[in-house]
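Student: I am new to this structure and would like to go through it by question and answer. Could we begin once it is displayed?

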Amino acid sequence: MKPAMSVPLPTVVIGAGGHGKVILEVLLEAGIEVIAVVDSDTGRHGTTLLGVPVVGGDQELQRWRPQDILLANGIGSTGQRHRRHLFERMKAAQYRFATIIHPSAVIGREAMIAEGGQVMAGAVLQPGVLLGRNAIVNTGARIDHDCVIGDHCHVAPGAVLCGGVRVDLDAHVGAGAVIIQNMVIGEGALVAAGAVVVRPVSAGGRVVGVPAKEMGS
Ligand code: JB3
């Protein structure tokens, strides 16, 4: 049984770039009313994204009362810190974020997805997975039973996390990376694309390769 997407209020997507487009695709596929996109690049103002108007920058959000809309964080990896700051700035302004799940995603029983969590097409979250606030499980990633993914993390397309893996706050797991069971990926760590993690990664660690080793070591 899939945890419900958030209460379907009219939604505004923040960011009209690559991640914004994918987020919009999920919302439209799930039948959610998307009333606008906002982007800080003035060159995009007055254009459309998948048919939805890009109405201006973040200041355009003042058109709606925070309680009348939901926001969708369309800022991807262009700056993971920026994605987090935007989430926290908007929360402080009393906005709420949509929890977004593509209809094709597989979500196991007792999996929990916190506010602003995003699960893309073809992803799998097995039973007991906990996905943090504003965290991304990108296209086709596989998160096995009882994994815990912290707030503001990004698990990139096609990554595989075996059972009981913990990924701490702000960490990034690259595309196609593999993490064996019960490993811990420390806060703010980076696991490079294609790496195979067979030992815990410390907070702030940056690992690459098969088996994964600290970059530059
Ligand atoms: O690899 C995949 C599957 N996706 C990548 C994603 C995770 O990260 C994607 O290919 C890109 O590499 C990246 O997507 P993202 O973050 O959408 O990057 P980009 O395509 O550069 O678009 C960012 C958009 O956000 C630009 O149009 C910026 O003008 C806009 N932007 C940046 N800061 C902002 C802000 N828009 C608003 N409204 N507010 C901001 O603070």
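Tutor: Helices (H or I, at least four residues) and strands (E, at least two) are DSSP runs, numbered from the N terminus. This is a predicted model, in which local features need pLDDT of at least 70, side-chain atom pairs count only at pLDDT 80 or more, and totals for chains, interfaces and linings use all residues. Residues are numbered from 1 along each chain as its sequence is written, and side-chain values use heavy atoms, with hydrogens and water left out.

Student: Is aspartate 170 buried or exposed?

Tutor: Aspartate 170 is found in the loop between strand E17 (166-167) and strand E18 (172-173), and its phi is near 70°, a positive value in a residue other than glycine. Buried means under 20% relative accessible area, exposed over 50%, and partly exposed in between (1.4 Å probe, protein chains only). With a relative accessible area of 7%, aspartate 170 is therefore buried.

Student: And glutamate 110, is that residue buried or exposed?

Tutor: Glutamate 110 lies in the loop between strand E7 (106-107) and E8, and has a positive phi of about 65° although it is not a glycine. Because its relative accessible area is 69%, glutamate 110 is exposed.
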